[in-house]
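Subject: Structure handover

Hello,

Here is the structure you asked about. Please open it next to this email and follow along.

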Amino acid sequence: MTRTFPAGFLWGASTAPHQIEGNNTNSDFWANEGRMPGMDFSGDAVDSYHRFEEDMELLAEAGLNAYRFGIEWARIEPRPGQISKAELAHYRRMIDAAWRHGLTPVVTLHHFTNPKWFADEGGWLGGTAVRRFHAYVDAATQILEGVPWVCTINEPNMLAMMTSMSRTAADPDAGEAWQSPTVEDSPRPQLPAPDPEIGRILIEAHHAVRDLVRQRTGAAVGWTVANRAFQARPGSEEKMKELGYIWEDLYLEGARGDDFIGVQSYSSQWVSESGVEPHPPHPDNTLTGNAYRPDALGIAVRHTWEVTGGVQILVTENGIATSDDARRIAYIDEALDHLAEAIADGIDVRGYLHWSALDNYEWGHWGPTFGLIAVERETFQRRPKPSLAWLGGTARTNGAGAAR
Ligand code: FCB
């Protein structure tokens with residue numbers, strides 16, 4: 001199939017600070033690691049804090065033209081109101097390095113992790129949350145000049161779910177620490193639904209910083225929503241609408257008036273009268289226990305376009321946890337077909353950023369490998385996988401495809 005993508009399309013890969021940097025010791029996630037059975041520690045992660053230049057070089061040499069990465073609140077503001085100039089300078093060096101390598105930087109301000117002090121203060125449920133987040137972003141804007149795309153909060157719907165789980169945050173030993181499921185957990189346990197009250201706080205926080213970032217930097221500002229590509233079992237259309245609102249649409253509606261929205265899609269999920277159906281165990285399931293559904297991206301993009309009322313889209317995450325890289329290539333190739341079809345139908349999509357650049361710390365587990373690049377965790381040696389060259393080749397032809 002010939003597929004066409006708009007001129008200037010962004011082709012890249014995504015990461016998040018806590019998952020790749022290492023030693024994010026002032027964060028709440030770090031404090032929770034190891035607390036739940038079977039949970040791994042992030043430790044040095046893949047030391048991208050020191051090796052970001054090498055990582056960017058690999059992406060650029062392969063042919064990609066964009067890199068989505070995050071800046072870490074817990075590093076920038078290690079104590080309330082105390083802003084680290086050195087950490088701001090570090091992230092500015094990353095932005096400059098991205099440009100130097102020909103990668104358009106897409107910068108995320110908040111990717112799941114909070115400073116530990118913020119969590120102790122009550123986190124997103126504490127009365128100070130919006131003010132604290134605004135103050136952090138205010139400081140961060142000092143280094144964001146010239147960054148064309150800024151994502152405020154990553155997956156606010158998943159963040160709301162995690163916050164619901166640990167709502168007893170005031171007592172750090174109570175409540176459950178959230179961790180990403182693995183295939184051993186199949187069928188995946190039902191996730192507790194995110195509380196819309198928490199969602200509304202996150203929307204308020206997002207809107208508060210959206211205007212600030214726009215005014216200070218001129219960046220296009222949006223947030224990135226986890227899309228579960230729900231599909232209704234016959235007769236369960238109403239149930240799907242109800243759950244779809246709680247899981248996604250509230251957050252998609254919160255993106256109306258934004259400059260863009262990030263679509264993050266991995267799999268699709270059935271909804272029946274009993275709720276969201278867990279993915280049953282299946283040999284094709286990914287290493288996070290998800291059904292293999294490259295078509296989910298098309299569903300996600302179309303749904304997002306419809307609910308936001310036509311907000312411009314960047315695919316900020318799409319990927320597969322697998323140890324079989326040929327399968328990763330097949331997954332991306334098929335997902336891109338579905339994306340191209342949506343674009344041909346008139347949906348305004350500006351980029352595809354694959355999750356993830358590197359195998360990384362998948363929120364409690366080292367097992368699920370999503371990377372285009374493998375990392376030897378003792379030496380930190382990077383080993384690009386064939387999928388990196390493949391996606392880079394696709395980028396060079398603006399999506400026309402590379403030989404599989
Ligand atoms: C998303 C997260 C990202 C990563 C992928 C697999 O929910 O944004 O950090 O864990 O899933």
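Predicted model: local features only at pLDDT ≥ 70, side-chain atom pairs only at ≥ 80, totals over all residues.

Residues are numbered from 1 along each chain as its sequence is written, and side-chain values use heavy atoms, with hydrogens and water left out.

Rings

The whole structure holds 22 aromatic pairs. Rings of Phe, Tyr and Trp (its six-membered ring) pair if their centres lie within 6.5 Å; planes under 30 degrees apart are stacked, over 60 edge-to-face, and the rest tilted. Take W223 and Y251. Their ring centres are 6.2 Å apart and their planes meet at 45°, so this pair is tilted. W223 sits in strand β5 (residues 220-227) and Y251 in helix α10 (residues 237-253), so the pair ties together parts 28 residues apart in sequence. Helices (H or I, at least four residues) and strands (E, at least two) are DSSP runs, numbered from the N terminus.

W223 is buried, at 0% relative accessibility. Y251 is buried too, at 0%. Buried means under 20% relative accessible area, exposed over 50%, partly exposed in between (1.4 Å probe, protein chains only).

Ring pairs also join W73, W117, F118, W124, F133 and Y136 into a cluster.

Cores

A nonpolar core is a set of buried Ala, Val, Leu, Ile, Met, Phe, Trp, Tyr and Cys residues joined through side-chain atoms within 4.5 Å. The largest one has 107 residues. W124, V301, L339 and Y352 have the most contacts inside it. Helix α12 (residues 325-344) gives the largest share of this core, eight residues. L339 touches F5, F9, L297, V301, V315, V349 and Y352, leaving out residues up to four places away in sequence. Contact means heavy atoms within 4.5 Å. A second, separate core has nine residues, including L10, A66, C151 and L353.

Helices

How far should the 20 residues of α12 span? At 1.5 Å a residue, the answer is 28 Å. The expected span is 1.5 Å times one less than the number of residues. The end C-alpha atoms of α12 are 28 Å apart, which agrees. After α12 comes G346, with a positive phi near 105°.

Helix α8 (residues 156-165) is mostly covered: ten of its ten residues are buried. The cover includes β3 (104-110), β4 (149-154), α9 (196-217), β5 and α10.

Best wishes
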